[in-house]
Amino acid sequence: MTQNSRSSGYVLGAATVATGLIAGAFYVFACAVMPALARSDDRVYVQVMRDINEVVQNPVFFLTFLGAPVLTAVAAWQARARDHRGWVRAALALSVLAFLVTVACNVPLNGALAHDGDPGALREEFEDAWVAWNVVRAVLLTVALGLLVKATGSRAARTGSRAARTGSRAAEADPTGD
């Protein structure tokens, strides 16, 4: 295995992990955080969402959130002549789409929630739309994760069969195993 092939495997693996982390974050919001907050009164709901929106703006989250599509783009470029390129390209398209949903839908809703106003009215304008768009991005990134896992498996199978062929040729050249 060449150094370039090895590094492309690392990038694909990192893209897969980063995508999984972000998909998981959005999944947890869809399955637990938002249903739990739905039980809260309007004032608590708005304050907790404001707190979450503030706390999530940190280097660790941003590195992963931005790293997932960037790493997937690099992996797609590295895979351009490989059999698994279609899986990585499809994952990239979904990752970029999820990023755009976040930027175009969820972030503006977060911004609107930060304004002063009646908590009931703020929640009314925020909750259903934010939850729906969060589910969209969670689904997009979960499918992207599946595609990256498929690409990783396809790449590993191809690399493994290449190594087996190379080992087989070496054994034929030296049948004594010495």
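The buried residues of H4 are Val88, Ala91, Leu94, Ser95, Ala98, Val101, Thr102, Cys105, Asn106, Leu109, Asn110 and Leu113; buried means under 20% relative accessible area, with a 1.4 Å probe and protein chains only. This is a predicted model, in which local features need pLDDT of at least 70, side-chain atom pairs count only at pLDDT 80 or more, and totals for chains, interfaces and linings use all residues. Residues are numbered from 1 along each chain as its sequence is written, and side-chain values use heavy atoms, without hydrogens and water.

**Helix H4**
- H4 covers residues 85-113; its 29 residues should span 42 Å at 1.5 Å a residue, and the 40 Å between its end C-alpha atoms agrees with this.
- The expected span is 1.5 Å times one less than the number of residues, and helices are DSSP runs (H or I, at least four residues) numbered from the N terminus.
- At Thr102, H4 bends by about 35°, the bend being the angle between axes fitted to the seven residues ending there and the seven starting there.

**Helix H3**
- From first to last C-alpha, the 20 residues of H3 reach 26 Å, close to the expected 28 Å.
- H3 has a kink of about 40° at Gly67, shortly before the proline Pro69.
- At the start of H3, a side-chain oxygen of Asn58 comes to within 3.0 Å of the backbone nitrogen of Val60.
- Among the buried residues of H3 are Phe65, Gly67, Pro69 and Thr72.

**Thr72**
- Thr72 lies in H3 (residues 59-78) and counts as buried because its relative accessibility is 0%.
- Beyond its neighbours within four places in sequence, Thr72 is in contact (heavy atoms within 4.5 Å) with Ala15, Thr19, Gly67, Val88, Ala91, Leu92 and Leu148.

Technical notes: Helix = DSSP H or I, 4+ residues; strand = E, 2+ residues; numbered from the N terminus. Buried < 20%, exposed > 50% of the residue type's maximum accessible area, 1.4 Å probe, protein only. Polar contact = N/O pair within 3.5 Å; in protein donor to acceptor, adjacent residues only side chain to side chain.
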